[in-house]
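I would ask you to keep the sequence and the structure in view while I speak.

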Amino acid sequence: MTSFDHTKYTPFQPVVIENRTWPDQEITKAPIWSSVDLRDGNQALVEPMTVEQKKQFFALLVDVGFKEIEVGFPAASQLDFDFVRWLIEENKVPDDVYIQVLTQARPELIARTYESLKGAKKAIVHVYNSTSKTQREQVFRLGKDGIKEIAVKGAECVKEHAAKHPETEWVFQYSPESFTGTETDFAVEVVNAVADVWQPTPDNKIIINLPATVEVATPNRFADQIEYFCRNVKQRDNMIISLHTHNDRGCGVAAAELGLMAGADRIEGTLLGNGERTGNMDVVTMAMNMYSQGVDPELVLSDMDRIISVVQACTLLQVHPRHPYAGELVFTAFSGSHQDAIKKCLANQTADKPWDVAYLPIDPTDVGRSYQEVIRVNSQSGKGGIAYTLEQEYGLALPRWLQVEFSPIVQKFAEIDGGVVDAQSMKKLFEDSFMTGSTPYQLGKYDLTKDDIDTVNAELIGSENVQISGNGNGALSAFSTALGEHFGMRIDIIQYQEHALTVGSDAQAIAYVQANIDGDRFNGVAIHNDIVSASIQAVLATVNQKIA
Ligand SMILES: CC(=O)SCCNC(=O)CCNC(=O)[C@H](O)C(C)(C)COP(=O)(O)OP(=O)(O)OC[C@H]1O[C@@H](n2cnc3c(N)ncnc32)[C@H](O)[C@@H]1OP(=O)(O)O
Ligand SMILES: CC(C)C(=O)C(=O)O
């Protein structure tokens with residue numbers, strides 16, 4: 001095969017690390033979160049956000065609980081500059097929130113960046129330059145020393161400007177951009193040089209952000225790089241180690257999680273993962289992963305519909321229906337065995353017990369979804385899902401034997417219809433199939449005498465009204481005998497169940513009957529204020545099916 005030549009690519013060269021410890025670590029607390037939606041997310045959009053969209057997105061990020069928000073690249077665009085000015089001048093930044101801005105390590109851009117930040121209460125100045133071998137050789141055409149010098153000069157410039165504005169609480173952040181493509185030793189060397197300029201202390205830490213600008217290896221290799229970096233960098237205790245992963249191999253969240261286990265303190269990402277190419281690390285997924293393990297993510301993600309709506313409105317990108325925790329279909333089971341298990345587990349789940357429901361890693365109501373959406377019936381579904389829907393929507397608690405009878409009827413309908421069978425259609429199918437107590441005959445007046453044996457006299461209303469009477473052990477038996485004698489059939493009641501209706505009814509009862517009539521099985525269902533009337537109407541429904 002000539003067009004698909006894997007020898008064209010070289011494998012990632014992992015860092016050599018002995019006795020790695022990260023595989024034994026657990027994530028037990030939330031990292032410091034930083035949103036880069038308004039910068040990395042924004043720079044990846046076909047149509048970058050307008051100031052109005054940025055305002056709307058910023059409000060969401062504050063409500064979600066981010067305390068560090070990268071609001072733009074003010075030296076790169078007037079719009080970003082104006083947005084930063086608006087935030088500061090209109091006092092839109094809560095006192096406990098740091099706005100963060102990105103700049104290349106170039107003096108004129110750093111100067112313009114500080115101009116945008118005049119009057120800020122707290123700000124993180126994030127400076128970067130690429131350190132990878134590819135970029136050193138092909139983009140900058142510089143050796144390692146030249147690249148280190150860009151970083152050092154940038155760090156000096158950042159420090160000098162900050163000193164001129166002591167009224168602002170400054171935090172410095174440096175990224176050796178393309179960290180994953182950089183020899184880890186060299187990244188350590190550059191960061192050591194930057195830290196020497198910034199002189200951090202335990203009370204005045206700097207942020208060192210290690211980006212998987214492009215995800216180039218499996219997440220374990222990234223974690224090795226992070227652990228190696230944390231072990232070897234000089235002033236580890238004076239640094240907040242931050243991660244900024246991308247999703248090129250589809251593992252942006254996994255890499256951030258393993259990187260956190262490897263020693264990082266802080267995570268940059270975007271809500272629902274918009275960002276360059278395949279996107280930034282998705283904060284929603286990572287935070288909800290923690291939540292589902294009993295760890296407080298320290299972000300408020302319960303109004304998932306608002307998050308989705310703002311992200312879609314500002315990025316003009318759709319959220320995939322299968323997006324973890326957020327997609328429209330992620331809490332929905334179509335397949336029969338899943339529905340059956342979910343229905344049984346939900347019936348056992350109580351508020352005082354830890355969540356333990358098959359196929360649902362979290363309780364959908366935690367993110368504003370309802371149980372109604374959990375089970376949707378199509379041709380792949382079984383009796384469990386059908387029964388769940390009828391019970392949830394209409395309070396019909398179908399006995400198991402009737403579930404078995406009804407399921408193939410729904411399945412056949414779904415196969416012909418080709419899609420989801422909604423609750424209304426399901427109810428109509430149910431009524432057409434079993435609630436046949438009015439055609440060809442309907443129950444008229446009847447009386448029941450209870451003695452050693454019960455006697456029933458009843459009128460059946462049809463094209464011709466008929467009088468029937470019979471005896472038996474109980475109303476059902478007496479009515480079956482009366483029907484059998486009149487129509488010349490043998491009727492045996494083989495299943496019977498009743499219950500009060502709680503949904504959409506005022507003290508009504510429902511009766512489910514299965515009868516064997518001359519060797520064939522029929523199922524009848526009827527609803528009435530009075531349980532005896534419901535029961536005998538259900539028997540009549542079976543006979544109507546036989547004679548119709
Ligand atoms: C991985 C990331 O997401 S990094 C962030 C990327 N985001 C963006 O680039 C969005 C905003 N950027 C821009 O609008 C523009 O790049 C600007 C306005 C910042 C700069 O524009 P320009 O100066 O016209 O062009 P450009 O970005 O191509 O800069 C190229 C020059 O900067 C140098 N450079 C690039 N990055 C850096 C850096 N981080 N530090 C120092 N120099 C750098 C390049 O070597 C090149 O130098 P040369 O002109 O001597 O060859
Ligand atoms: C500037 C850096 C952190 C970045 O956006 C990246 O490497 O993806």
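I shall begin with the second ligand. The shell around ligand 2 consists of three nonpolar, five polar and two charged residues. Please bear in mind throughout that what you see is a predicted model. Which residues make up this shell? They are D40, L102, Y128, S175, E177, N209, P211, T213, H244 and H246. Two strands each contribute at least two residues to the shell around ligand 2, namely strand 5 (169-177) and strand 6 (206-212).

The UniProt entry, which is unreviewed, places the feature "binding site" at D40, H244, H246 and N280. These four span 241 residues in sequence, yet no two of their C-alpha atoms are more than 10.4 Å apart, so they gather at one spot. One of them, H244, has its place in strand 7 (residues 239-245).

Let us turn to the other ligand. There are 16 residues around ligand 1, and A76, Q104, A105, R106 and N129 come nearest. By class, this shell around ligand 1 holds eight nonpolar, four polar and four charged residues. Which elements each supply at least two residues of the shell around ligand 1? They are helix 1 (37-43), strand 4 (122-130) and helix 5 (133-140).

Eight strands close into a barrel, in the order 1-2-3-4-5-6-7-8, and their pairing is parallel. On average, neighbouring strands of this sheet are turned by 25° against each other, with direction ignored. As one example of the pairing, consider strand 2 (residues 68-72) and strand 3 (residues 98-104), which run parallel and are joined by four bridges. Within this pair, I69 has I99 in strand 3 as its bridge partner.

Helices pack on this sheet as well. Helix 4 (residues 107-116) touches strand 3 and strand 4, and its direction makes about 160° with that of strand 3. Helix 7 (residues 184-198) also packs on the sheet; here the strands touched are strand 5 and strand 6, and the direction of helix 7 makes about 160° with that of strand 5.

How many domains does the domain assignment give? It gives domain 1 (32-315), domain 2 (336-430) and domain 3 (442-547). The C-alpha centres of domain 1 and domain 2 lie 44 Å apart. Where these two domains meet, eight residues of domain 1 are in contact with five residues of domain 2. On the side of domain 1 that touches domain 2, helix 10 (283-291) and helix 11 (304-315) each supply at least two residues. That side of domain 1 has four nonpolar, two polar and two charged residues.

In the unreviewed entry, "domain: Pyruvate carboxyltransferase" covers residues 31-305.

Strand 10 (residues 454-461) is joined to strand 11 by seven bridges, and the two run antiparallel. In this pairing, E459 stands opposite Q467 in strand 11.

I shall close with two details of the backbone. What kind of peptide bond joins T439 and P440? The bond is cis, with omega at about -5°. P440 is found in the loop between helix 15 (423-434) and strand 9. The second detail concerns Y359, a residue other than glycine whose phi is positive, near 70°. Y359 has its place in the loop between helix 12 (336-348) and helix 13 (383-394).

Thank you for your attention.

Methods:
Residues are numbered from 1 along each chain as its sequence is written. Chains are lettered from A and ligands numbered from 1 in the order in which they are written. This is a predicted model: local features need pLDDT of at least 70, side-chain atom pairs count only at pLDDT 80 or more; totals for chains, interfaces and linings use all residues. A residue is near a molecule or strand if its C-beta atom, placed from the backbone, lies within 6 Å of it. Ala, Val, Leu, Ile, Met, Phe, Trp, Tyr, Cys and Pro count as nonpolar, Asp, Glu, Lys and Arg as charged, and the others, Gly among them, as polar. Two strands pair if DSSP finds at least two bridges between them. UniProt positions are given in the numbering used here, feature names are shortened, and annotations may be inferred rather than shown by experiment. Domain bounds come from an automatic or database domain assignment. Two residues are in contact if their C-beta atoms, placed from the backbone, lie within 7 Å. Axes are lines fitted to C-alpha atoms, for helices over the stretch in contact, and angles run from 0 to 180 degrees between N-to-C directions.
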